[in-house]
Amino acid sequence: MGLQRSLGVSSMLDRHGTPEFWAAVFLVHGYALRDYSALYEEMQQVQEHRQAQRGGATREGGWEGSDSPEWQQLTQSMRRARAGICSFQFALASSDALFRKSPGHERRVLALLRSDTFKSYSAVFDAVARGRLSGTFAYDVSAILATMLSLLPECMGVYKAPCNSGDDCDLELYSAFVKAAADSHVLDHACRAALWLADFVGGEQAACTAGGAAAQEQEAHHEIGTATLRPVDLGQREKKMGSICDRLRSMRKDINKVLSTLLGPLLGQQQSLGALHPRPLAAPRTGTDPGLLALLPAVRGLLSGTGVQVWAAKQLLDVANVAQEEVLGGTELGSSVCKMFGLTAPDPYLGLPSTARMQPHLFTATADHPLKKPDTATTIELLRGAMSVSSSTWQVTISGPVGAAVAAPGALPTGSVTTAGGRPVGGGSASASGSAAAGGGGVAAAAAAPTYRLPETIPFSAAQVCSMVSTALQRVLMPGWSAARSDQGEIVQALLLLSRLAQELRARQAQRVLEGIWGMINGWLQSLPVDALTPARQVLQQLGALLLHECPGEGELAQAAARQGGHPEPNDCPLALHAAEGFLILVHDVSVEWLGQPLALHGALFGRLIADMVNALLRQSCVLPVLVVHQPSPSLLDLVVTLRAMCNALRRKGMVAEAAALQTVLLHLAEQLAAVWMRPLPEGMRSGSCSQGAGSGAAAGPGCLPGQPIPDDLAAAIDRTAAALLTKASREQVPKQRLRRMWLAAHGRPNKAAILPAPVSVVFIMAQLLSLLSGLRKQRLWEADVPKDSILALTRVYMAVALQALLASESAPARSGLLTASEARAESWRAMLLAEEGAAVAWAASALYAAVRRQWLEGQEAALDLLEVLVLLLPAEDLRSHVGYYKDESATWPPSGPALPLALGQGWLAQQGREKLAAVMNWRQTSRGGLVLSLAAPAHLSDMIAKPHITALPQLPCPADAAAAVAAVTGIWPCSAADCSRLQESGREPIATQLCSRCRAARYCCAECQKAHWRAGHKTQCARQGAIWAALNTAPAPLHP
Ligand SMILES: [Zn+2]
Ligand SMILES: [Zn+2]
């Protein structure tokens, strides 16, 4: 009868489509729904009454129903009401008139939204969720729920289509929908109802599988729907259970559809979910419709409902459990995850009722195949779907302990699990300990009322969400699972959520999250499909932002440590450093893996991503100058050596652009390192001031502990230094706050467990980077496509090294004869400047010519500054082939080039105000120097140029000492050839095993490298190197300068 009539209705609806007509239609529909919920309540009461009469000893038969006339009558009425609702909805759904694109559909939908239909739906959902009905009713109710839920996304489809196609969103419909949904709480109640049904299914499942005596015992406790299990009933019951599962599945799909569609219009204009967070990382994209943005709080409110939140969590955990069983044969996963996050949870299900956990076959069961289990492909799909929905929901709603919507902020530091909306014991309000204990009780807990009286606020803390998402992510990232599909959206969303939340977690938890992330994404990045590279970039950037991030509470930890005067933690510096090992290994492994692959079609893309990764995780994060203080392992040095080799390897593989991109990033890294470690500290900052404070128990230096506000004048001083020493390109996408943190953390309390003093690492890394960067001078610097900032950056880096050389030679007055140790150290610095055919001088000359040719004053000044120091520092024969000097006041022509030597005229130098340089050039040209030269410039020249530069310079160990110390402690001794491209596999053994037989200082991985290096300039440096090493071998280097 229903079908015939509804077809009639549907064509009638098509014809009479005025808003008034539709409003009336929905009004009637609402009445039917309210009838149904009233009947439902009544039924509930009758059942409870009868139970009370029987003293609770026996229960109303669940699947059998009851034969009392009163009961029968109620059942009949309910079935009629249900039939009414279902057929009516069938009519709506099949009529095409309401929900498809047809003239006037907006008016019809508005009528629907204004007719309180959602409230009627909400009432039914609510009644069901609060009810405790038996098996037969669950079967009936599931039909109603599924039907009603199927209508929700249908409604939303109306605005979805225009919104997703472009920026042209039907704002009126969208906002009407959001308002109606918010007013009626329909989404939250729908989720509660679905949870109720899932709980019922879970309970049934437990009863079915327990069997025998266990079943008997359980039956005595179990509230919902298990009477005596007669074999006769079992078949029919399983069939019905199959149907319920089927409906639950469709409800799950519909809810997920609603959740993801709800964010659709906002995402369309905002582009990223992160921008919708209560405390967005970036300002909303310009051009976003203000009307849309105004709806954001309402949308967030909808998604923050406890029902929605628990639903999101439950799916995720359920499916992760299934995945776990699929792969590992049913090991309990929760406890290991809790351990990983330091949560002392007895309850592996994070406070959710454990009876509600779905068995694998319930995800695929149908009436005909009630025991069908999901195969691997289905499991992956399920898991990805659940992850996508929950990640997007949580990205918009969840925030950390500083946020408002946290259940139990006090619980976080100790790491206990707060209530996650588990069933309250005895109907009382949920308490953190009570709920967790009840959840852990398994079957015993099922004895409590099976109703969800969930707390009003978001039930999960950020830490719990992190652990849940990680749980799922771990499953998704299992080997072979992620590579199968190229669409990596869910993984990216989950990673973005994790890194977003980690910014709000307390330091130790955030650290665990980070450690987990490095471990998890290693394999993912290594096997990333090509079309997922762009989203991966986004993830890397956000992870990079996390590295020097200051967590809430981090300051208290550090201050407590300082008060106690000890080191309860290996160090109390930023988050990154706790997770440094995993992070360094990640960058290293991923790079080596990509590069090891044969040059495939997309080789260049991977090369590009290596550059991106190093850029996001090392440069933008500003973490390198801090890692040298705190890194507890050789991984960092290892990584730098690998990056140098990688850049060469990229070039050798023909990926020139990618190699250049990586080289630029490494250049900016060298710039950071030089600025923070080789130049005077910003005004008002003292190196290691924190350690003094901690040792004496006195107040620590200003702003040097995390969590302490940086005094304004110190912040300004650091900002000034950064602006003066770092080029604009190297400060790109780096917030000022992070730069301040870089300086302060680098010169904060050193990590006592570090195997090498920071200055040693700094010099070693600088030598590696410079050896690679010296190749930059081969570019045509005078052409516009070489960025000015790149030229300026390398000039400044060379300047920093030159000043160190100057400082070292100040303390080593020159004389003839064999080198003393201090002379050898000064020589070692000089050798670093002169490696690769006089790299620094050649660079200064080329940069000067380029600046003059490009009429770029800043570059010219920087190059002249560098030249001034180099000329004072280096012997005449090293200068001669790169710079010439004409002592003639009329020589006012600018330096010409590009071929070296660059000719500098006295007259031109005077025009530029560089009389000092002219004087030094003049002296240098007339003085003679042997190999170990008489360097001593006339006192007036030295005082004039050197003194102002080297006051307040920090003193670093010389390159030879640093290399020896690194080799002694870590075994890393990189190949001396600048363009060596051999990558270290394990990273623990020295890659260079062959010594130059003359100087016994240069080392090579192979004969080829040795030949190349000899040609590239070692033949002029070999004797110098030999003298240095001979001198230093007799005088062991002090490790702590
Ligand atoms: Zn080599
Ligand atoms: Zn040699």
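Are Arg914 and Glu868 buried or exposed? Both are buried. The tour returns to this pair at a later stop. Keep in mind throughout that the model is predicted.

**Stop 1: the whole chain**

Start with the protein chain as a cartoon. Its secondary structure consists of 40 helices and four strands. The chain has 1041 residues, and 59% of them count as buried. Now show the surface. The accessible area comes to about 39100 Å². Carbon and sulfur atoms account for 54% of that area. Consider the contacts between residues at least 6 apart in sequence: 79% of these join residues at least 24 apart.

**Stop 2: the zinc ion (ligand 1)**

Select the zinc ion (ligand 1) and show the side chains around it. Its protein donors are the SG atoms of Cys975, Cys980, Cys1005 and Cys1009. They lie 2.2 to 2.3 Å from the ion. The angles among the four donor atoms are 105 to 117 degrees, and the site is tetrahedral. Follow the donors along the chain and the spacing reads C-x4-C-x24-C-x3-C.

Next, pick out Cys980 and Cys1005. Cys980 sits in the loop between helix 39 (959-970) and strand 3 (994-995). Cys1005 sits in the loop between strand 4 (1003-1004) and helix 40 (1007-1034). The two therefore tie together parts that are 25 residues apart in sequence. Cys980 is buried, with a relative accessible area of 2%. Cys1005 is buried too, at 8%.

**Stop 3: the zinc ion (ligand 2)**

Move to the zinc ion (ligand 2). Which protein atoms are its donors? Cys996, Cys999 and Cys1022 each give SG, and His1018 gives NE2. These atoms lie 1.9 to 2.4 Å from the ion. The angles at this ion are 103 to 119 degrees, so the arrangement is tetrahedral. Its donor residues are spaced C-x2-C-x18-H-x3-C in sequence.

Select Cys999 and Cys1022. Cys999 is in the loop between strand 3 and strand 4, while Cys1022 is in helix 40. This pair ties together parts that are 23 residues apart in sequence. Cys999 counts as buried at 5% relative accessibility. Cys1022 counts as buried at 5% as well.

**Stop 4**

The structure holds three aromatic pairs. One of them is Trp782 with Tyr849, an edge-to-face pair. Their ring centres are 6.0 Å apart, with 65 degrees between the planes. Trp782 lies in the loop between helix 31 (758-773) and helix 32 (788-810), and Tyr849 lies in helix 33, so the pair ties together parts that are 67 residues apart in sequence. Trp782 and Tyr849 are buried.

Now look at the two residues you have selected. Trp973 and Trp1029 form a tilted pair, 5.9 Å centre to centre, with 40 degrees between the planes. Trp973 is in the loop between helix 39 and strand 3, and Trp1029 is in helix 40. That pair ties together parts that are 56 residues apart in sequence. Trp973 is buried, with a relative accessible area of 14%. Trp1029 counts as buried at 11%.

**Stop 5**

How many salt bridges does the structure hold? There are 13. Select Glu827 and Arg1024 to see one of them: their side chains meet at 3.2 Å, N to O. Glu827 is in helix 33 (residues 821-853) and Arg1024 is in helix 40, 197 residues apart. Both Glu827 and Arg1024 are buried.

**Stop 6**

Finish where the tour began. Select Arg914, in the loop between helix 36 (906-911) and helix 37 (915-926). Arg914 meets Asp865 in a salt bridge of 2.8 Å, N to O. Asp865 belongs to helix 34 (residues 857-873), and the two residues are 49 apart. Asp865 is partly exposed, with a relative accessible area of 27%. Arg914 counts as buried at 8%.

Together, Glu861, Asp865, Glu868 and Arg914 are linked in a network of salt bridges.

Definitions and conventions
Residues are numbered from 1 along each chain as its sequence is written. Chains are lettered from A and ligands numbered from 1 in the order in which they are written. This is a predicted model: local features need pLDDT of at least 70, side-chain atom pairs count only at pLDDT 80 or more; totals for chains, interfaces and linings use all residues. Side-chain values use heavy atoms; hydrogens and water are left out. Donors are N, O and S atoms within 2.8 Å of the metal (3.2 Å for Na, K and Ca); water is not among the atoms, so sites may look incomplete. Four donors count as tetrahedral if all angles lie between 85 and 135 degrees; four count as square planar and six as octahedral if opposite donors are over 155 degrees apart and all others between 65 and 115; anything else is irregular. Buried means under 20% relative accessible area, exposed over 50%, partly exposed in between (1.4 Å probe, protein chains only). Contact means heavy atoms within 4.5 Å. Accessible areas come from the Shrake-Rupley method with a 1.4 Å probe; for residues, only the protein chains shown count as cover. A salt bridge is a side-chain nitrogen of Lys or Arg within 4 Å of a carboxyl oxygen of Asp or Glu. Rings of Phe, Tyr and Trp (its six-membered ring) pair if their centres lie within 6.5 Å; planes under 30 degrees apart count as stacked, over 60 as edge-to-face and the rest as tilted.
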